Amino acid sequence: GTLAFDYAPNLAMLPAVGLLLWIVGVDVWNPIAGILSNRDFGGDLHDALPAQVAVFHIDSKRGRLGRRGRLPNLSAWAEHLREDVRVVLLEVGDVEEWDANAVLEVRALAQRLRARGTSLVLAGVTQARYRQLEGSGILDPANRLDVHAFGDLDLAAARAITLLDQRRSTG
C-alpha cells in the first residue's frame with residue numbers, strides 16, 4: 001500500500017476499491033436470508049400456540065435481485081430469544097441453499113438452545129434434508145440436542161406443544 005502510494009498515487013486505492021466491490025458482489029449474489037416471526041411473516045400460528053413456543057420462518061425470498069438467501073448466523077440470532085421460550089419452531093422450507101454449512105448452522109443453533117434448556121423443532125424439512133440432519137447426528141437422541149424435524153408446519157407445531165407439555169409435567 002505504501003509503496004504503491006509513493007510510486008503511483010492515482011492507483012493506490014484500486015486494490016481497496018476492488019476488495020470492497022467484491023464483498024458487495026458476493027452479498028448481492030448470495031444474500032443472507034431473513035428470520036421473521038410468525039406474526040411478521042403473515043401467519044396466525046403464534047395465536048394458537050402457548051407463549052413459550054416461539055415460531056419463526058426463514059424468509060429467503062427477500063434476497064436482492066430475486067436471489068434466494070442462505071442461512072443466517074442462527075446461534076447469534078438465538079441470543080435474542082425471550083427468556084421464557086422453551087420450544088423454538090423454525091420453518092426452513094424456503095431455504096434453497098441447504099449444504100454442509102447449513103447443517104453445521106443448525107447444529108450450532110441446537111447446541112446453543114440446549115444450553116438454555118430449549119428444544120428445537122424444524123418444519124419444512126424435505127427427505128433429503130432429513131437424511132442430511134440424520135447423517136450428521138443432529139437428530140440422534142443419543143447426542144441430546146433435542147432436535148425434531150418435520151416436513152409439515154402443522155405437525156411440527158403439534159410436536160412443539162407435546163414437548164412443552166412434557167417439560168411442564170416433568171418440572
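Predicted model: local features only at pLDDT ≥ 70, side-chain atom pairs only at ≥ 80, totals over all residues.

Colleague: Good. Which residues is Trp77 in contact with, skipping its neighbours within four places in sequence?
Modeller: Trp77 touches Ile35, Phe56, Val88 and Leu109. Trp77 itself sits in helix 5; helices (H or I, at least four residues) and strands (E, at least two) are DSSP runs, numbered from the N terminus.

Colleague: Is Trp77 buried or exposed?
Modeller: Buried, at 15% relative accessibility. The classes are buried under 20% relative accessible area, exposed over 50% and partly exposed in between, with a 1.4 Å probe and protein chains only.

Colleague: How many aromatic pairs turn up in the whole structure?
Modeller: The search finds one. Rings of Phe, Tyr and Trp (its six-membered ring) pair if their centres lie within 6.5 Å; planes under 30 degrees apart are called stacked, over 60 edge-to-face, and the rest tilted. Phe56 and Trp77 have ring centres 4.9 Å apart and planes at 85°, so the pair is edge-to-face. Since Phe56 belongs to strand 2 and Trp77 to helix 5 (residues 74-78), the pair ties together parts that are 21 residues apart in sequence. Phe56 is buried too, with a relative accessible area of 15%.

Colleague: Let's turn to the sheet. In what order do the five strands come?
Modeller: The order is 1-2-3-4-5, in an open sheet with mixed pairing. Two strands pair if DSSP finds at least two bridges between them. Strand 1 (34-37) and strand 5 (147-149) are the edges, each pairing on one side only.

Colleague: How many bridges join strand 1 to strand 2?
Modeller: Four, and the two strands run antiparallel, with strand 2 covering residues 53-59. Across that pairing, Gly34 stands opposite Asp59, and Ile35 is opposite Ile58.

Colleague: In which sense do strand 2 and strand 3 pair?
Modeller: Parallel, over five bridges. One example is His57, whose bridge partner in strand 3 is Glu91.

Colleague: Why is strand 2 called largely enclosed by the rest of the structure?
Modeller: Because seven of its seven residues are buried. In a regular strand the side chains alternate between the two faces of the sheet. Here Val53, Val55, His57 and Asp59 point one way from strand 2, Ala54, Phe56 and Ile58 point the other way, and all are buried.

Colleague: Nice. And which residues does Val87 touch, apart from those up to four places away in sequence?
Modeller: Val87 touches Gln52, Val53, Ala54, Thr118, Ser119, Val121, Ala160, Leu163 and Leu164. Val87 lies in strand 3, and its relative accessible area is 0%, so it is buried.

Colleague: New topic: how many residues has helix 8?
Modeller: Helix 8 has 18 residues, 153-170, and reaches 26 Å from its first C-alpha to its last, close to the expected 26 Å. The expected span is 1.5 Å times one less than the number of residues.

Colleague: Which residues in helix 8 are buried?
Modeller: Ala156, Ala157, Ala160, Leu163 and Leu164 are. Seen down the helix axis, they fall within an arc of 120°, so they line one face of helix 8; the arc is that of the directions from the axis to the C-beta atoms. Asp154, Leu155, Ser169 and Thr170, on the other side, are exposed.

Colleague: What do the buried residues of helix 8 pack against?
Modeller: They pack against helix 4 (45-48), strand 2, strand 3 (87-91), strand 4 (119-123) and strand 5.

Colleague: Last one, on backbone angles. What is phi of Arg144 near?
Modeller: It is near 60°, a positive value in a residue other than glycine. Most residues other than glycine have a negative phi. Arg144 is in the loop between helix 7 (127-135) and strand 5, and counts as exposed at 65% relative accessibility. Asp146 also lies in the loop between helix 7 and strand 5. Asp146 has a positive phi of about 55° and is partly exposed, at 29% relative accessible area.

Notes:
Residues numbered from 1 in each chain as written. Heavy atoms only, no water. Contact = heavy atoms within 4.5 Å.
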